[in-house]
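Hello,

Please find the structure below. My notes on it follow.

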Amino acid sequence: MFLLVNCNVDGDTYQIFNDATEAKSAFDKECEGIFTERVVLLEPNKNGERFGFGSRGNIFGAEVVFEFENEMID
């Protein structure tokens, strides 16, 4: 399972994928968004294990497959 997280100035969105190719394609498309701040494609470590973002944006309980941060947005 893969989780795509798009952190956007208008709010965050989440998508779940079973296929790595589809997940990567969606990741690439989300990175093109003009208001996109951060896009992260994650693969959770184990079924049922908690994963997420810590208070400083660090990721726990999942492997970061791809990550994009838009340096144009403060």
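**Asn-6 and its surroundings**

Leaving aside neighbours within four places in sequence, Asn-6 is in contact with Gly-11, Asp-12, Thr-13, Glu-30, Thr-36, Arg-38 and Val-39. Please keep in mind that this is a predicted model. Asn-6 is placed in strand 1. Is Asn-6 buried or exposed? Its relative accessibility is 4%, so Asn-6 counts as buried; the cut-off for buried is under 20%. The side chain of Asn-6 also makes a polar contact with the side chain of Glu-30, at 2.3 Å.

Gly-11 lies in the loop between strand 1 and strand 2. It counts as partly exposed because its relative accessibility is 32%. Gly-11 and Thr-36 are 25 residues apart along the chain, and their C-alpha atoms are separated by 9.7 Å.

Arg-38 is found in strand 3. Its relative accessibility is 16%, so Arg-38 counts as buried. Which backbone oxygen does the side chain of Arg-38 reach? That oxygen belongs to Gly-57, and the distance is 3.2 Å. Neighbours within four places in sequence aside, the contacts of Arg-38 are Val-5, Asn-6, Cys-7, Phe-53, Gly-57, Ile-59, Glu-67, Phe-68 and Glu-69.

**Confidence**

The chain has a mean pLDDT of 91, and 97% of its residues reach 70 or more. Within the chain, confidence is highest in helix 1, at 96, and lowest in strand 4 (residues 52-53), at a mean of 90.

**Nonpolar cores**

Which residues form the largest nonpolar core? There are nine of them: Phe-2, Leu-4, Phe-17, Ala-23, Ala-26, Phe-27, Cys-31, Val-39 and Leu-41. Strand 1 (2-8), helix 1 (20-31) and strand 3 (36-44) are the elements that give two or more residues to this core. Helix 1 gives the most, with four residues. A second, separate core has six residues, among them Leu-3, Cys-7, Val-40 and Ala-62.

Cys-31 belongs to the largest core. Apart from its neighbours within four places in sequence, Cys-31 is in contact with Val-39 and Phe-68.

**Helix 1**

The length of helix 1 can be checked. At 1.5 Å a residue, its 12 residues should span 16 Å, and its end C-alpha atoms are 17 Å apart, which agrees.

The buried residues of helix 1 are Ala-23, Ala-26, Phe-27 and Cys-31. Why can these residues be said to line one face of the helix? Seen down the axis of helix 1, the buried residues fall within an arc of 135 degrees, so they line one face. What covers them includes strand 1, strand 2 (13-17), strand 3 and strand 6 (62-69).

On the other side of helix 1, Thr-21 and Lys-29 are exposed. Thr-21 has a relative accessible area of 60% and is therefore exposed; the cut-off for exposed is over 50%. Thr-21 and Glu-67 are 46 residues apart in sequence, and their C-alpha atoms are 16 Å apart in space. Thr-21 also takes part in the cap at the N-terminal end of helix 1. There, Asp-19 is the capping residue, with a side-chain oxygen 3.1 Å from the backbone nitrogen of Thr-21.

Glu-43 is found in strand 3. Glu-43 counts as partly exposed because its relative accessibility is 31%. Neighbours within four places in sequence aside, Glu-43 is in contact with Met-1, Phe-2, Ala-62, Glu-63 and Val-65. Glu-43 and Thr-13 are 30 residues apart in sequence and 16 Å apart in space, C-alpha to C-alpha.

Where is Gly-61 placed? Gly-61 is in the loop between strand 5 (59-60) and strand 6. With a relative accessible area of 16%, Gly-61 is buried. The C-alpha atoms of Gly-61 and Glu-43 are separated by 8.9 Å, with the two residues 18 apart along the chain. Leaving aside neighbours within four places in sequence, the contacts of Gly-61 are Pro-44, Asn-45, Glu-49, Arg-50 and Phe-51.

Regards

Notes: Residues numbered from 1 in each chain as written. Predicted model: local features only at pLDDT ≥ 70, side-chain atom pairs only at ≥ 80, totals over all residues. Heavy atoms only, no water. Core = buried A, V, L, I, M, F, W, Y, C linked by side-chain atoms within 4.5 Å. Buried < 20%, exposed > 50% of the residue type's maximum accessible area, 1.4 Å probe, protein only. Contact = heavy atoms within 4.5 Å. pLDDT = per-residue confidence, 0-100. Polar contact = N/O pair within 3.5 Å; in protein donor to acceptor, adjacent residues only side chain to side chain. Expected span 1.5 Å × (residues − 1). Arc of directions from axis to C-beta.
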